[in-house]
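I opened the model and kept short notes on what I looked up. The entries follow in the order I made them.

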Amino acid sequence: MASKEYCFGCVVSAEKNEYVWEPEGSFDDSGNDDDTRGFTYSLILKHAILDPDAPIGEANVVELQTNGFYAEEHKQPVVHLVNGRVEQCRLNILLTEAWSKLRLVRGSGDRKSVV
């Protein structure tokens, strides 16, 4: 099966505290039998960065919400950043086929970015 890869980035902040990723399943649902059929969507989160203008010492927590086995909903903090201590972190989170939501659950949200 062929694949296509793209760079992705999103921002969660006090003004927009969540980002929802909803894969559609394939690029071509028209029934055409060509090279675009059969694609599946996946998203790999690799890095989270705190904006340098975030208040010093303020904890900022991003939570991942998604469906797991048997469509059970899971919520898990995946990022905890503090300006002046930990301004960035590496991630290795693979999301496939199920909708997922990244939500800022703590902090002012001065442009936290998950890529």
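Cysteines. I looked up Cys7 and found it exposed, because its relative accessible area is 77% (buried means under 20%, exposed over 50%, partly exposed in between, with a 1.4 Å probe and protein chains only). Cys10 is buried, at 6%. I then searched the whole structure for disulfides, pairs of cysteine sulfur atoms within 2.5 Å, and the search gave zero.

Source notes. This is a predicted model, where local features need pLDDT of at least 70, side-chain atom pairs count only at pLDDT 80 or more, and totals for chains, interfaces and linings use all residues. Residues are numbered from 1 along each chain as its sequence is written, and side-chain values use heavy atoms, leaving out hydrogens and water.

Aromatic rings. I counted one aromatic pair (ring centres of Phe, Tyr and Trp, the last by its six-membered ring, within 6.5 Å; planes under 30 degrees apart are stacked, over 60 edge-to-face, the rest tilted). The rings of Phe8 and Tyr19 have centres 5.5 Å apart and planes at 55°, so I noted the pair as tilted. Phe8 lies in the segment before β1 (10-12) and Tyr19 in strand β2 (residues 18-21), so the pair ties together parts 11 residues apart in sequence. Phe8 is partly exposed at 22%, and Tyr19 is partly exposed at 22%.

I saw β4 (residues 59-67) pair with β5 (residues 73-82) in the antiparallel sense over nine bridges. Strands are DSSP runs of E, at least two residues, numbered from the N terminus, and two strands pair if DSSP finds at least two bridges between them. Ala59 has Val82 in β5 as its bridge partner. Gly68 lies in the loop between β4 and β5 and is partly exposed at 30%.

How values were computed. Helices (H or I, at least four residues) and strands (E, at least two) are DSSP runs, numbered from the N terminus.
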